[in-house]
Amino acid sequence: MEDLRLSPLRLGSFKSSPPKGSPTFRRVHSGRTPRREVKANGGAVQWFRSNRLLYWLLLITLWTYLGFYVQSRWAHDDDNKVEYLRFGGKLRGDVLHVEQSKRVDDSVADKSSHTVVVDGTKVVHVDVNKRMHVALAKKEEDGVSPRRSLTARRRRRRRRKAGRSSSRSKKTQKVRKAVEDLDEQDPELPKTNVTYGKLFGPFGSLEDRILEWSPQKRSGTCDRKSDFKRLVWSRRFVLLFHELSMTGAPISMMELASELMSCGATVYAVVLSRRGGLLQELVRRRIKVVEDKGELSFKTAMKADLVVAGSAVCATWIDQYMDHFPAGGSQIAWWVMENRREYFDRAKPVLDRVKLLIFLSEVQSKQWLTWCEEENVKIRSQPVIVPLSVNDELAFVAGISSSLNTPTLTTEMMKARRQTLRESVRKEFGLTDEDMLVMSLSSINPTKGQLLLLESAALALDRANEPEQLAESKHSKTKNLSGGKKEKISLSMRHRLRGSARKMKIKSPGLDNPSVLSATGKRKLLFSANVTQKQDLKLLLGSVGSKSNKVAYVKEMLNFLSKNGNLSSSVVWTLATTRVASLYSAADVYVTNSQGIGETFGRVTIEAMGYGLPVLGTDAGGTKEIVEHNVTGLLHPVGRLGNKVLAQNLLYLLRNPSTRLQLGSEGRKKVEKMYMKQHMYKRFVDVLVKCMRP
């Protein structure tokens with residue numbers, strides 16, 4: 001053994017050593033101990049190869065880091081977003097939604113084709129006449145390759161950062177001016193009527209200044225302890241918009257999307273028509289809009305846990321979707337927000353194929369079930385009633401407790417700021433504290449009854465002016481028309497004048513004050529407006545510019561106003577907008593004059609009640625479910641037969657301010673008890689349980 005151990009030394013004295021592959025070399029080196037450094041290096045490699053778990057953990061860590069890096073670059077580097085959407089230098093064709101920059105400075109126009117500048121590097125092209133195409137286009141300079149390095153792009157972005165804000169503001173002003181010009185250039189509407197020139201609003205900037213909030217603060221938070229949040233967390237939803245007008249159905253769907261997102265759900269919006277100006281608000285709320293309403297929307301819906309259709313107009317899309325995916329009806333909840341027979345006829349072919357029908361009121365549910373029986377349509381399950389609610393933003397401004405309240409923004413503080421907002425808006429309108437502002441906000445069409453409201457207001461103004469006109473005519477008769485001879489007033493005429501003054505609650509000092517006498521000792525009639533300040537009736541109508549307005553009906557209203565100069569001076573208009581808190585704050589009375597079978601529900605009705613406004617509504621549809629006659633408002637019949645009653649109700653509230661406050665207070669209490677956000681989503685839990693995949 002010693003010889004073998006010393007063999008390396010002996011071999012070192014040889015002039016040549018045997019080849020490594022020879023039997024002699026293998027025999028000599030068979031018992032040789034490896035060198036220490038070789039053992040250390042080779043052992044580490046062998047140990048690393050033998051521990052495969054460590055190898056996979058390291059690989060997963062690297063992959064995770066790479067994923068977070070890519071996601072971070074996507075979220076924070078606006079200039080590189082298009083590069084992620086490209087394959088071989090071309091834009092991907094399967095982009096499902098619009099990724100907008102955080103710096104959205106202006107609205108997207110509602111016309112057929114507009115280009116809106118979002119920031120210095122992106123342009124959003126929207127084509128309305130065809131299907132909805134939304135694409136991101138990158139602005140490149142001449143002579144610069146699109147595949148330039150990341151460092152070069154960063155340097156270029158930094159150089160342009162200083163001048164970008166000023167150029168963006170200029171472009172924003174140009175786009176806003178272009179949009180306004182397009183909205184104003186409607187050749188079918190008359191321009192000569194003086195009333196149409198009294199156009200006010202929107203008052204969004206005034207609200208932000210007085211209420212001291214920003215768009216980021218105007219988003220409610222989810223109730224983390226609610227069943228609604230537990231059911232929608234990490235789920236995928238597709239919401240179907242029939243249009244983007246600023247009316248009840250699209251706004252309700254948009255608020256549902258925001259609530260789902262705040263509770264941890266993923267939401268995609270499928271838009272069937274771009275009519276209206278709600279796209280900007282969808283972008284501000286970061287709601288993802290599917291690129292089209294065809295194949296891509298079907299694929300997106302197939303992957304969703306629940307599809308919520310927000311109108312009876314969605315029947316065509318539902319039919320096409322179930323042709324592509326026959327089992328898709330089991331994941332569709334159809335929130336029907338219309339109550340007219342033509343909408344039922346449109347939806348009839350697919351009513352029995354969807355999982356669940358949702359209605360807004362008991363009246364609407366009974367009406368649709370009656371039509372189903374008449375047409376022998378068998379629906380799959382019993383409908384669910386989910387009324388609409390007052391959103392957090394409006395409740396917050398109204399001084400009602402909501403998720404937006406903080407220790408520094410209490411309900412009492414918001415009531416004080418709302419009063420300041422009311423005074424500022426009424427000053428813009430040119431109103432005094434004694435004027436009664438009657439408001440009606442909705443799309444202008446025959447079913448909403450704005451022309452009948454104008455006729456009722458004209459009748460009310462004529463009746464309000466009757467005592468004054470009668471008094472002036474009788475006062476003129478007392479003048480000495482023939483050189484000092486005065487005509488005596490009969491006793492019956494005095495009684496009529498006294499009765500009219502009592503009805504108006506305006507005291508006539510000449511009739512009731514014995515100290516006011518003429519020089520001959522006889523009682524002298526005085527009709528002075530300075531004794532009690534006169535109350536005027538003012539009417540605020542909206543929404544001008546809404547895509548749901550009927551041009552012929554608007555022309556008819558303007559023609560009526562041009563023939564009634566007294567009423568024309570008392571009517572003001574406002575633009576279509578989602579910022580309506582200032583309008584509700586400035587108003588004193590709200591009118592819901594829906595005709596036919598009435599309003600389906602009346603979202604604006606509960607919003608007005610939440611602001612303490614008495615409601616004058618038609619005795620039909622969902623309005624009579626919400627408004628209690630002589631408790632929260634006053635009801636009148638539909639049609640022209642109701643004009644006389646509506647005029648009487650307007651005069652009654654004009655002459656009784658205390659009654660207005662009492663009716664408004666009761667309406668506010670009812671809204672706080674039944675129509676807040678938590679009440680709506682508590683009912684929506686039934687929809688989720690019945691329709692959503694487990």
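Biologist: How many bridges join strand β14 to strand β15?
Modeller: Strands are DSSP runs of E with at least two residues, and helices are runs of H or I with at least four, both numbered from the N terminus. Strand β14 spans residues 436-441 and strand β15 spans residues 537-544, and the two run parallel. Met436 stands opposite Leu537 in β15. The number of bridges joining β14 to β15 is six.

Biologist: Which pLDDT do local features need here?
Modeller: Residues are numbered from 1 along each chain as its sequence is written, and side-chain values use heavy atoms, leaving out hydrogens and water. This is a predicted model, in which totals for chains, interfaces and linings use all residues, side-chain atom pairs count only at pLDDT 80 or more, and local features need pLDDT of at least 70.

Biologist: Which strands stand at the edges of the open sheet of seven strands?
Modeller: Strands pair if DSSP finds at least two bridges between them. With parallel pairing, the order is β6-β16-β15-β14-β17-β18-β19. Two strands each have a single partner, so one side of each is left without a neighbour in the sheet: β6 (199-200) and β19 (633-636).

Biologist: What is the bridge partner of Leu199 in β16?
Modeller: Strand β6 runs parallel to β16, and two bridges join them. β16 also pairs with β15 in the parallel sense, over four bridges, and there Leu539 has Val571 as its partner. For Leu199, the partner in β16 is Trp573.

Biologist: How many of the five residues of strand β16 are buried?
Modeller: Buried means under 20% relative accessible area, exposed over 50% and partly exposed in between (1.4 Å probe, protein chains only). Strand β16 (residues 571-575) is largely enclosed by the rest of the structure, because the buried residues number four.

Biologist: At what angle do the axes of helix α9 and helix α27 cross?
Modeller: Axes are lines fitted to C-alpha atoms, for helices over the stretch in contact, and angles run from 0 to 180 degrees between N-to-C directions. The axes of α9 (residues 248-262) and α27 (residues 677-691) come within 13 Å and cross at roughly 80°.

Biologist: Which residues of α9 and α27 make the contact?
Modeller: Contact means heavy atoms within 4.5 Å. From α27 come Lys677, Tyr681 and Phe684, and from α9 come Glu255, Leu256 and Glu259.

Biologist: Which residues touch the most other members of the largest nonpolar core?
Modeller: A nonpolar core is a set of buried Ala, Val, Leu, Ile, Met, Phe, Trp, Tyr and Cys residues joined through side-chain atoms within 4.5 Å. The largest has 89 residues, and those touching the most other members are Trp335 and Phe429.

Biologist: Where is the cis peptide bond with omega about 20°?
Modeller: Most peptide bonds are trans. Ser543 has its place in strand β15. The cis bond with omega about 20° joins Gly542 and Ser543.

Biologist: Is Asn376 buried or exposed?
Modeller: Asn376 lies in the loop between α14 (362-374) and β13 (384-385). Its phi is positive, about 60°, although Asn376 is not a glycine. At a relative accessible area of 60%, Asn376 is exposed.
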